[in-house]
Amino acid sequence: MEALQIIVAIFILALASSLTFASDPSPLQDFCVAINDPKGSVFVNGKFCKDAKLAKADDFYFSGLHIRKNTSNIFGSTVTPINVAQMPGLHTLGISMVRIDYAPNGGLNPPHTHPRASEILVVLEGTLHVGFVTSNPDNRLISKVLYPGDVFVFPVGLIHFQYNIGNTYAVAFAGLSSENPGVITIANALFGSNPSVNADILAKAFNLDTKMVRNLQSEF
């Protein structure tokens with residue numbers, strides 16, 4: 001019985017540890033405004049902290065999310081992030097957000113993942129086809145058409161996208177469960193890496209001709 005209790009205790013500790021590291025660490029202070037100056041500063045979770053007595057309102061403030069962004073690019077979309085890089089007061093709080101603008105008739109936030117965050121998205125304007133793909137072996141597409149006021153969640157680490165199927169501009173806001181969620185755009189990562197992934201590897205992985213792979217790589 002004692003051995004069983006020890007095993008159960010180890011299991012609970014392991015579970016608690018896994019939950020602890022499933023997202024940003026919980027802060028042990030009210031806040032930690034990120035700064036680049038190491039002098040006289042405390043280093044917490046990859047950033048130096050400003051003296052709390054020197055914190056000001058602007059450390060926790062960002063302006064401009066009401067402004068429509070230019071979507072004249074290859075994808076027809078623009079993401080405006082508000083993470084710890086734009087708002088230093090977010091450091092250690094485990095949250096961030098983005099505004100996403102989509103051009104009419106096909107503006108796309110291309111398939112990508114956030115390695116450190118789940119995402120909850122709300123549509124303000126337009127009509128979006130959104131979805132994510134589950135992990136192996138099922139690789140099941142879970143998708144939905146969203147209208148203004150609709151909300152959709154993308155689980156952490158899963159490939160997801162948003163596509164404007166309407167003939168007007170679309171706007172969405174999203175919250176993410178990390179101060180620095182990271183983003184990996186699938187096509188960019190595989191076909192635009194530096195140095196390039198061997199074309200034979202990508203050709204075999206995607207069942208493509210090697211020449212086509214090299215052409216794709218030249219586009220990124």
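Predicted model: local features only at pLDDT ≥ 70, side-chain atom pairs only at ≥ 80, totals over all residues.
**Aromatic pairs and a nonpolar patch**

At 10% relative accessibility, Phe191 counts as buried, because the cut-off for that class is under 20%.

Let me turn to the aromatic rings, of which the structure holds 5 pairs. One of these is formed by Phe132 and Phe152, whose rings sit 6.1 Å apart from centre to centre, with 50° between the planes, and this counts as tilted. The pair connects distant parts of the chain, since Phe132 belongs to strand 8, residues 128-133, while Phe152 belongs to strand 10, 20 residues apart. Both Phe132 and Phe152 are buried.

Phe191, with which I began, pairs with Phe206, again in a tilted arrangement, at 5.5 Å centre to centre and with 40° between the planes. Here the distant parts that are linked are helix 2, residues 186-191, which holds Phe191, and helix 3, residues 199-206, which holds Phe206, and the two residues are 15 apart. Phe206 has a relative accessible area of 40% and is therefore partly exposed, whereas Phe191 is buried.

Finally, the surface: which residues make the nonpolar patch of about 350 Å²? They are Val145, Tyr147, Tyr163 and Ile165. Of these, Tyr147 lies in the loop that runs between strand 9, residues 141-146, and strand 10, residues 151-154, and with a relative accessible area of 45% Tyr147 is classed as partly exposed.

Conventions. Residues numbered from 1 in each chain as written. Heavy atoms only, no water. Patch = residues over 30% accessible without salt bridge, like charges linked within 9 Å, V, L, I, M, F, W, Y side chains within 5 Å. Areas by Shrake-Rupley, 256 points an atom, 1.4 Å probe, with all protein chains shown as cover. Salt bridge = Lys/Arg side-chain N within 4 Å of Asp/Glu carboxyl O. Helix = DSSP H or I, 4+ residues; strand = E, 2+ residues; numbered from the N terminus. Buried < 20%, exposed > 50% of the residue type's maximum accessible area, 1.4 Å probe, protein only. Phe/Tyr/Trp six-rings, centres within 6.5 Å; stacked < 30°, edge-to-face > 60°.
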